[in-house]
Amino acid sequence: MLSANDLLAPKPIAATMSAGRETIVTANAGRKAAYSEQTVWMLAIRDQRDKAAFAKLFDHYAARLKGFVMRAGAPKAQAEDIVQEVMLTVWRKAHLFDPERAQVSSWIYQIARNRQIDVIRKEARPVPEALANDDESDDEPDAGQVIALEQESDKLRQALAKLAPAQREMIERAYLGELTHTEIREATGLPLGTIKSRIRLGLERLRHELKDLRQE
Amino acid sequence: MSANISHHIPSEILAAYAAGSLGQAFSLVVAAHVSLCTECRAELAAHEAAGGAVLDTIAAESVSPDLFARVLDHLDDPVQPEPAPRGREGVFPGPVMDALKGKAPRWKALGGGVKQCLIGGDDDGLSRLLFIPPKQAVPDHGHHGTELTLVLQGGFSDEVGHFDVGDVEVADAELEHTPVADAGPPCIVLAATDAPLKFNTFLPRLLQPLFGI
Ligand SMILES: [Zn+2]
């Protein structure tokens with residue numbers, strides 16, 4: 001049985017921390033106990049290749065993913081194949097998971113959309129340059145950033161739940177890939193401002209770390 | 001890196017990119033701009049978080065009892081490593097280098113010193129690089145659909161404003177504009193449309209299929 005405590009084993013603190021962030025680092029251990037189950041499972045998969053954690057993640061997401069890909073147009077017969085591919089990709093690309101930059105559902109959403117697009121399109125979709133060497137994920141995550149991002153994601157879910165049914169339907173269709181960008185402009189959106197600011201802080205921090213690394 | 005960018009990708013285009021509903025040509029401009037712009041990288045991630053919220057709250061469909069066993073069976077299968085995305089070369093962001101298949105652009109003269117290199121096109125759009133000598137005007141043109149123009153080198157001005165490296169101009173079907181390259185280095189842009197262009201003065205309509213523009 002995996003518990004959040006398993007993740008509390010002391011690890012060396014990343015050498016790239018700048019002085020201003022020391023308070024966050026000392027508070028890290030206590031805060032990590034507050035990670036969501038999904039994040040804890042995903043980090044165990046990433047860092048320990050933990051199959052028990054993978055089973056829990058599967059139990060949480062498989063039925064949601066099946067509902068999601070069927071709503072996005074996958075025939076019932078194909079839906080479980082897509083779920084299988086998505087879950088296998090989660091396992092294989094776990095080293096790319098970075099809880100400071102994307103909450104678990106957001107990361108799995110991207111994998112699910114990419115998988116479904118790959119089925120339809122011949123050409124690979126153009127992707128932005130990576131910011132860092134993403135294979136080096138054994139960096140100690142900044143717990144404050146991880147938790148703040150989880151909280152913002154919770155707020156998004158609540159905001160979505162509070163929408164009038166017709167509006168919620170439009171948002172769902174937008175993120176299921178059923179609307180053109182012109183149609184999305186009409187669909188008044190979710191409050192994305194605060195989560196964007198939070199993610200931006202994480203990106204700025206990463207950028208400064210990269211700069212520190214280059215200067216060493 | 002992105003400190004000087006003042007014209008960004010509109011939110012609804014980032015949302016469509018996150019959702020996978022954006023055509024190949026526009027997706028290239030989005031990927032290239034996000035490579036240069038922290039602001040839009042963060043906004044794209046915010047849309048992906050919204051997608052995550054939809055995934056979390058959507059009606060679930062129960063899966064077959066043996067699905068997990070099937071997944072486990074393949075967990076340790078050997079996997080072919082995917083080709084790594086190309087990195088930036090000179091003024092060309094990684095995704096543009098990917099579209100060019102790692103080679104330097106093969107320019108074709110359009111007249112007046114203006115050159116272009118088609119890098120992608122299908123039914124839902126067309127993308128190309130344009131090379132515009134200093135102070136040269138790009139022929140006046142309108143669009144059937146939307147045109148996205150990302151500056152990779154130099155800069156240009158038109159009726160809408162001034163665009164520097166990293167800036168994106170979004171021109172809708174109503175806009176007829178005449179971009180003029182800045183003095184200084186030649187202007188290189190990545191331009192994408194979701195429909196063929198219609199030139200007013202530069203090339204007869206009949207020639208358009210020939211040039212693919
Ligand atoms: Zn931007």
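How many salt bridges are there between chain A and chain B? The count is nine. The points below give the setting. The model is predicted.

1. **Fold of chain A.** Chain A has nine helices and zero strands. Along the sequence, the pattern reads α-α-α-α-α-α-α-α-α.

2. **Packing of chain A.** Chain A holds 216 residues, and 48% of them are buried. Take the contacts in chain A between residues at least 6 apart in sequence: 74% of these join residues at least 24 apart.

3. **Extent of the interface.** On chain A, 65 residues are in contact with chain B; on chain B, 62 residues take part. The two chains bury about 5,800 Å² between them. Of this buried area, 62% lies on carbon and sulfur atoms.

4. **Polar links.** The nine salt bridges between chain A and chain B include a named pair: Lys196(A) meets Glu43(B) through their side chains, at 3.0 Å from N to O. Across the interface, 26 residue pairs are in polar contact, with both residues at pLDDT 80 or more.

5. **What chain A brings.** Several helices of chain A each supply at least two residues to the side that touches chain B. They are H3 (51–71), H4 (76–92), H5 (104–120), H6 (143–162), H7 (165–175), H8 (181–186) and H9 (193–215). H3(A) gives the largest share, 15 residues. By type, the residues on this side of chain A divide into 34 nonpolar, eight polar and 23 charged.

Technical notes: Residues numbered from 1 in each chain as written. Chains lettered and ligands numbered in written order. Predicted model: local features only at pLDDT ≥ 70, side-chain atom pairs only at ≥ 80, totals over all residues. Heavy atoms only, no water. Contact = heavy atoms within 4.5 Å. Buried area = accessible area lost by both parts, 1.4 Å probe. Salt bridge = Lys/Arg side-chain N within 4 Å of Asp/Glu carboxyl O. Polar contact = N/O pair within 3.5 Å; in protein donor to acceptor, adjacent residues only side chain to side chain. Helix = DSSP H or I, 4+ residues; strand = E, 2+ residues; numbered from the N terminus. Nonpolar A, V, L, I, M, F, W, Y, C, P; charged D, E, K, R; others polar. Buried < 20%, exposed > 50% of the residue type's maximum accessible area, 1.4 Å probe, protein only.
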